[in-house]
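Have the sequence and the 3D view open.

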Amino acid sequence: MAIQKRTVGVIGTGNVGVAAAYALFMQQTASDLILLDKDERRAEGEALDLMHGQTFAGPTRVRVGDYADLSEAQVIVMAAGVGQRPGETRLDLMERNVAVFRAILTELDRHAPTALLVIATNPVDVLTYVAQELSTRPPQRILGTGTMLDTARFRSLLGEHYGVDPRSVHAYILGEHGDTEFPVWSDARIGGLRLVGNTINGRPYDRPALDAIFERTRRSAYDIIERKGYTNLAIGLVIARLVQTILDGQHSVLPVSVRLQGEYGISGVCLSLPGIVSENGLETSILPELDDTELAAMHHSANVLRERIGEALPGQAGQEPKTQGAG
């Protein structure tokens, strides 16, 4: 069932937050956008700028608010935090952004305890876990954007390689949104035909070429940051897609960052699996059959992230998810 009232909050009007707000505005995903930033004047400027586009996009109301205003929101996008510097990994951002999240989640639990949270700040898997630990809302109502962007990049490059629309490519990047992510080659398909071992659209199976495509996928963020200083446009579209899935109750399968509870023998860590997403958040995870190499990569991702979670929340890594209500 689609959510009828469509108010979306965006916390953080930096490059990612603004790209998300712009995508939500242009797609008319929300009827009301509330922007919040510690730099209120910047947030006001972004809101005014978007509002002036209503003639071309439609009558979405965009305004600046505070935490109390977010009590009206069904979905809140967390895009606040410091950005990734050239040469810096996503996990290097952890200590600075965990402190930012602690302060924000205290306010959100006070003013918007039932809103569904979409975590976009990096390192997204660690911060999704942190948010689930620090918030009073059920863990399934806190989702990270995870490897949605990595999967989109992967499908785009595979589509280019095979000369097909990326929307016809069915392949996933799973695990960490970061250096230990991995492709599920064993079930990557175009038109129902597995890529491994088959010729598609005149292109024979070429494992070195496919491995190079994955490496380009994995390096994409670094390459973009080296050239323009940050990534924002594609992740803005990812956020808009995830918010639309929630508001429309689409039950779409998306590779989002969620806490594992024994899947593949892993628990107490957030990383990306395909999951059914609806107005309730995560309905259930879908578990693709992984080959031995992929399963080992999944465990490697989990081990790396668990170590970082232990640094962010000493003594809490590996715990079972909390069960308290939405408050």
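Two strands pair if DSSP finds at least two bridges between them. Strands (E, at least two residues) and helices (H or I, at least four) are DSSP runs, numbered from the N terminus. This is a predicted model, where local features need pLDDT of at least 70, side-chain atom pairs count only at pLDDT 80 or more, and totals for chains, interfaces and linings use all residues. Residues are numbered from 1 along each chain as its sequence is written, and side-chain values use heavy atoms, with hydrogens and water left out.

Q: What makes β4 and β5 a pair?
A: There are 4 bridges between β4 and β5, in the parallel sense. The definition asks for at least two, so they count as a pair. One of the contacts is V77, whose bridge partner in β5 is V118.

Q: How do you know that β1 pairs with β4?
A: Strand β1 (residues 7-11) and β4 share 4 bridges, again parallel, and at least two are needed, so the label holds. I11 has M78 as its bridge partner in β4.

Q: Which way do the residues of β4 point, and are they buried or exposed?
A: V75 and V77 point one way from β4 (residues 75-78), I76 and M78 the other way, and all are buried.

Q: Why is R259 called buried?
A: Buried means under 20% relative accessible area (1.4 Å probe, protein chains only), exposed over 50%, and partly exposed in between. R259, in strand β12, has 6%, so it's buried.

Q: Why is D66 called partly exposed?
A: D66 comes in at 42% relative accessibility, which falls in the in-between class, so partly exposed it is. You'll find D66 in the loop between β3 (61-64) and β4.

Q: Why is N201 called exposed?
A: Its relative accessible area is 55%, and the cut-off is over 50%, so N201 is exposed. N201 sits in the loop between β11 (193-194) and α7 (207-228).

Q: What makes the phi of N201 worth a look?
A: Phi of N201 is near 55 degrees, a positive value in a residue other than glycine. Most residues other than glycine have a negative phi. Y264 also has a positive phi, about 55 degrees, without being a glycine; it lies in the loop between β12 (252-261) and β13 (267-278).

Q: What kind of peptide bond joins N122 and P123?
A: A cis one, with omega about 0 degrees. Most peptide bonds are trans. P123 is in the loop between β5 (116-119) and α5 (124-134).
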